[in-house]
Amino acid sequence: MERKAENREPVTVRTDTTPTDTEPVKPVSDSSKYIIEVKNAKKYFRETKALDDVSVRFERNRIHGIIGRNGSGKTVLLKSICGLIPLTAGEVIVDGRRVGKDVEIPKNIGAIIESPGFIEEFSGLENLKFLAGLTGKVDMPKLRELMKFTGLDPSSKKKVRRYSLGMRQRLGIAQAIMDDPDILLLDEPTNGLDNRGVADFREMLLKKRDEGKTILIASHNSADIELLCDTVCELDAGKLL
């Protein structure tokens, strides 16, 4: 049975995902309202059912919360949406195109899933510069601006191996929003942030939503869910409650 995330309040968004195929792929779903659709998703790791017939749709123009205990399937769901792991059965549709079929990895997604990975001997700015070089979309002034926006000093020469957990998380947030994606997938995004960092992060997400972004947050932090999310869905043992 397909379910829609529980409603609270609306906002505004756009998207421009294009498939990787050389010929245009006709959308398989009406994506005018729902930017992400998960249909009968199953993911098994040997005997473990990480996702057990999950069907849920996420509307554009909103911040969506995904809650559940450790091992409930939140992270696996986010990974399947951005194409990092294939499903055992079912499908994920992002902006009208099937992940793993019409497009391998949706281009309009920025994500923090589990612990952000960086080059330990580089500074924060050097890490962002390296990542920006892969797409060529972001110049150095923008990178400096992003670091300041997330509360980091772009002139610092401190190597990432000396970063605190909170600094790593801030750098991960900068990396996730660097290419100005239309969709943000955030797995426990406030982990390691102090009170000021959490407040800055919440303010940033609300700004991004008002700019027209769609955001999915998997979190144990009930305050994040209550203060930020327009809809909430809950997973338990791989099932949608």
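Here are some questions and answers about the model, which is a predicted one.

Me: Happy to start with the overview. How many helices and strands are in the protein chain?

Reply: Good place to begin. The protein chain has 241 residues, and buried residues make up 49% of them. Its elements come to six helices and 11 strands.

Me: Of the contacts in the protein chain with a separation of 6 or more, what share comes from residues 24 or more positions apart?

Reply: A contact here means heavy atoms within 4.5 Å. Among the contacts with a separation of 6 or more, residues 24 or more positions apart account for 73%.

Me: Let's turn to one helix. How far apart are the end C-alpha atoms of helix α2?

Reply: Helix α2 covers residues 124-135, which is 12 residues. At 1.5 Å a residue, α2 should span 16 Å. The computed separation of its end C-alpha atoms agrees with that, at 18 Å.

Me: Which residues of α2 are buried, and why do they count as being on the same side?

Reply: The buried residues in α2 are Gly124, Leu125, Asn127, Leu128 and Ala132. They lie on the same side of α2 because the arc they cover around the axis is only 155°.

Me: Which exposed residues does the opposite face of α2 carry, and what covers the buried ones?

Reply: The face turned away from the buried side of α2 carries the exposed residues Lys129, Gly133 and Leu134. As for the cover over the buried residues of α2, it includes α3 (140-149) and α4 (165-177).

Me: What residue follows α2, and what is its phi?

Reply: The residue after α2 is Gly136. The phi of Gly136 is positive, near 70°.

Me: Which residues are closest to the centre of the second largest pocket?

Reply: The second largest pocket has a volume of about 300 Å³. It is lined by 19 residues, and the closest to its centre are Thr75, Glu114, Asp187, Glu188 and Asn191. Helices that each supply at least two residues of that lining include α1 (74-81) and α4.

Me: Which helix supplies the largest share of the lining of the largest cavity?

Reply: A search of the whole structure finds one cavity of 30 Å³ or more, and the largest cavity holds about 70 Å³ of space. Its lining is made by Phe149, Thr150, Arg170, Ile173, Leu193, Gly197, Asp200, Phe201 and Met204. Both α4 and α5 supply at least two of the lining residues. The largest share, four residues, comes from α5.

Me: Which residues does Ser80 touch beyond four places away in sequence?

Reply: Ser80 is in helix α1 and counts as buried because its relative accessibility is 3%. Leaving out residues up to four places away, Ser80 touches Leu51, Ile85, Leu87, Val92 and Val99.

Me: What separates the C-alpha atoms of Ile183 and Ile63?

Reply: Ile183 lies in strand β8 and is buried, with a relative accessible area of 0%. Not counting residues up to four places away, Ile183 touches Ile35, Ile36, Val94, Asn108, Ile109, Gly110 and Thr214. Although Ile183 and Ile63 are 120 residues apart along the chain, their C-alpha atoms are separated by 9.9 Å.

Methods: Residues numbered from 1 in each chain as written. Predicted model: local features only at pLDDT ≥ 70, side-chain atom pairs only at ≥ 80, totals over all residues. Heavy atoms only, no water. Expected span 1.5 Å × (residues − 1). Buried < 20%, exposed > 50% of the residue type's maximum accessible area, 1.4 Å probe, protein only. Arc of directions from axis to C-beta. 1 Å grid on protein atoms, 1.4 Å probe; cavity = no way out; pocket = protein on both sides within 12 Å on 5 of 7 lines; lining within 4 Å. Points joined across faces, edges and corners; volume = space filled by probe spheres on them.
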